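Student: I would like to learn how to read a structure feature by feature. Could we go through one together?

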Amino acid sequence: MPSVSRSSLGYLAATAVLLVAVLAFPSLAPNPYILSVGIVVLNYAVLSTSWNFVGGFIGYISLGHGALAGLGAYGTGLLVTKAGLPSFVALLAAALMVAALALPIGYAALRVRGASFVIVSIALVLILLLVFQSWASLTGGSRGLNVPRPFPDLLRPEHHRVFFFLFAGLLGIAMLTWWAIDRSRFGLGLKAIREDEDKAESLGTPTFSYKLVVFVVSAFFTGLAGGLYALWFGDLDPVFQFSILTGSYMVLMALLGGVRNLFGPLVGALVVGSALEYFKVQFGDTQLHLVATGLLLALVVLFMPDGVLPAIGSLAARFRPAQSSIREVTQAELRESRLAERGPVPAGAGANGKEDRG
Amino acid sequence: MPSGALLFQSVILGLLLGGLYALLAAGLTLYFGIMRVVMIAHSAFLILAAYLAWWSHSRLGIDPLLSLLVTVPLFFACGVLLQRLLLARLRPATMTMMSVLLTFAIAVCVEGLLGYVFTGTQRRIQLGYGSASFEVLGARVAVVKLIAFGLAAVSLLALYLLMKRTTFGWALRATIQHRDAARLVGIDTDRVAGFGFGLGLATAAVGGTALSLDTTIYPSLHWHWIGPLMAIIVVGGLGSVPGAAAAAMVLGLLQSLLQIPLGTTWAQTVFYIALFATLAFRPQGFFGGRLAQRF
């Protein structure tokens, strides 16, 4: 099938370009500040890709993933400082704890449809902010929590460089997992839930357990990203860790790039993450960055709910002959392949498939 | 063990607070009933109304209650425009999810603009009768709290009468129950849905004015309101106005009572515990009907 080989070729090319860019960036970055911006953007990319396990596959919008990242960060920090675990053991343990905590949260949130899920996700951020600010004896409260560096003898630029590659590696693992689920039978079930949950259920997809599993996977990666951030940044404050804005940035990035695309969240993180940093430098700490975030989110939701990548794809397809659809497999291709599989079939028998609501 | 007078005082304060919660939750329920929209910007508009009341009092010297004459029609118009120009444009298939993001974006914009125009400084209205209070059976009740409750109660009653007694109310309830059927019997559902949104936002105007009477306000305060309100509409059963009102009274009362042993911060968690418990054991809420079971 021509389109599949073309798209997989595109994937390969994109991956290669990406790998080169990531590997070259630390040597090209003119100063440690730019390198740290690169780390922040990569962190956003990991977070947004983790969010996309839920948002992209089953179409449930979570505004509370910032809280899961915050839990990962605080879990790592507390395990290092209070339990004395080695940094990266603590990171893994904290992420596993976040995943375990995601089970009861998901159980409550996913039993019914989207509206309750959204409400629970927002409530999660608010309740955790409340708890971590008030429980000062454990978390340090508003004074913050200091996390010791994992590599105490490294100089600052070297420290940045190491963490840049750690974040890049985590992003690679998250994207590989996303890609593997995307191609699996499990992923097919998840996408069926996204398109029509009732129909998916009536066709025998175990919708509730599928939703729960993918939510836990998403929480695990979010926790890892949060924990790694804690080890890199070294200073945690509940107001920033349990901010509803972090969650909304993840949503904005994934939506802007395109939730159905492996590279969507990464593209979104590149655009939004650099824009956020630029805004901080240019305008300082005014309230206008809130307005800008809100406006951008509203514009994306209203005019580009499928994201930039599909929009570019359809633009490119306009200049391409004989390829007029952005679907993964068009009806015509499906019919051809079915005909090839089954041998001659009466005309029209394969063409009565319903249009999918892409 | 707290004394009887303290308990009684907490009960009264809880009921007064519950009235305000009930009015605001009724607005949220209206949006959800009409379009399956979880309106996150509701409490942002609440704070906006509080700021407008504060502004008209401190800059123009008008009693904050008089600002209602402007804010209620203004918010009604905003609600109609919001529904007709923005929410109605979203694809029906992804309405619930995308509308959350859209209203979230609006909430963030409102918060940012409030912070930009009025700065992040905490504001409070100084009223002549602000500290006046009277005693009922050993409990002190501030006059402003009673006014706030009165405003909420009158608005809720007006809303109830509007929904039950007028032709528009019938049309609105028909639209909520079954949109297509309502259109078949000749109701202009788009127009009714717009007006319904206007009504919902008007409750935020009333609530905000009531709130401004005795609360210190700041731009990010709306996050402290949206969580409890969301919990209330889930516990009450999404889409059920009486359910929301009952849940609001019960949870408001519980919050007020729990403040005695736990303090104000931890008492807030009662909303979230109720939310999780409801979803885990009775996901359709305690008063919700057919509608709530699918959301």
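Predicted model: local features only at pLDDT ≥ 70, side-chain atom pairs only at ≥ 80, totals over all residues.

Student: How is the span of a helix checked?

Tutor: The expected span is 1.5 Å times one less than the number of residues in the helix. Take helix α2 (residues 32–55) of chain A: its 24 residues should span 34 Å, and its end C-alpha atoms are 34 Å apart, which agrees.

Student: What does it take to call a residue buried or exposed?

Tutor: A residue is buried if 20 or more other C-beta atoms lie within 10 Å of its own, exposed if 12 or fewer, and partly exposed in between; the C-beta atoms are placed from the backbone. Of the 358 residues in chain A, 44% are buried. In α2(A), 19 of the 24 residues are buried, so α2(A) is largely enclosed by the rest of the structure. In α13(A) the buried residues include A:Gly264, A:Pro265, A:Leu266 and A:Val267. The buried residues of α13(A) pack against α2, α12 and α15 (308–318) of chain A.

Student: Is A:Leu212 buried or partly exposed?

Tutor: A:Leu212, in helix α10 of chain A, is partly exposed, because it has 19 other C-beta atoms within 10 Å. For its contacts, the rule is that two residues are in contact if their C-beta atoms, placed from the backbone, lie within 7 Å. Leaving aside neighbours within four places in sequence, A:Leu212 is in contact with A:Gly106, A:Tyr107 and A:Leu110.

Student: Which residues does B:Ser212 touch?

Tutor: B:Ser212 is in helix α8 (residues 189–214) of chain B. It counts as buried, with 30 C-beta neighbours inside 10 Å. Apart from residues up to four places away in sequence, B:Ser212 touches B:Ala50, B:Ala53, B:Trp54, B:Pro64, B:Ile125 and B:Ile217. B:Ser212 and B:Ala53 are 159 residues apart along the chain, yet their C-alpha atoms are separated by 6.8 Å.

Student: How are two packed helices described?

Tutor: They are described by the angle between their axes and the distance between the axes. Axes are lines fitted to C-alpha atoms, for helices over the stretch in contact, and angles run from 0 to 180 degrees between N-to-C directions. Here the axes of helix α7 (residues 156–183) and helix α10 (residues 207–233), both of chain A, come within 11 Å and cross at roughly 180 degrees. Therefore α7(A) and α10(A) are roughly antiparallel to each other; angles under 35 degrees count as roughly parallel, over 145 as roughly antiparallel, 65 to 115 as roughly perpendicular and the rest as oblique.

Student: What makes the contact between α7(A) and α10(A)?

Tutor: On α7(A) there are A:Phe163, A:Leu166, A:Phe167, A:Leu170 and A:Ala174, and on α10(A) there are A:Phe221, A:Leu224, A:Ala225, A:Leu228 and A:Trp232. These residues divide into ten nonpolar, no polar and no charged. In this scheme Ala, Val, Leu, Ile, Met, Phe, Trp, Tyr, Cys and Pro count as nonpolar, Asp, Glu, Lys and Arg as charged, and the others, Gly among them, as polar.

Student: Where are the domains of chain A?

Tutor: Domain bounds come from an automatic or database domain assignment. For chain A, the assignment gives domain 1 (53–242) and domain 2 (247–320). Their C-alpha centres lie 21 Å apart. In the contact, 13 residues of domain 1 of chain A meet eight residues of domain 2 of chain A. On the domain 1 side, α7(A) gives the most, with four residues.

Student: How many residues of chain A are in contact with chain B?

Tutor: 38 residues of chain A are in contact with 41 residues of chain B. On the chain A side, α5(A) gives the most, with twelve residues. The residues of that side divide into 26 nonpolar, nine polar and three charged.

Note on methods. Residues numbered from 1 in each chain as written. Chains lettered and ligands numbered in written order. Helix = DSSP H or I, 4+ residues; strand = E, 2+ residues; numbered from the N terminus.
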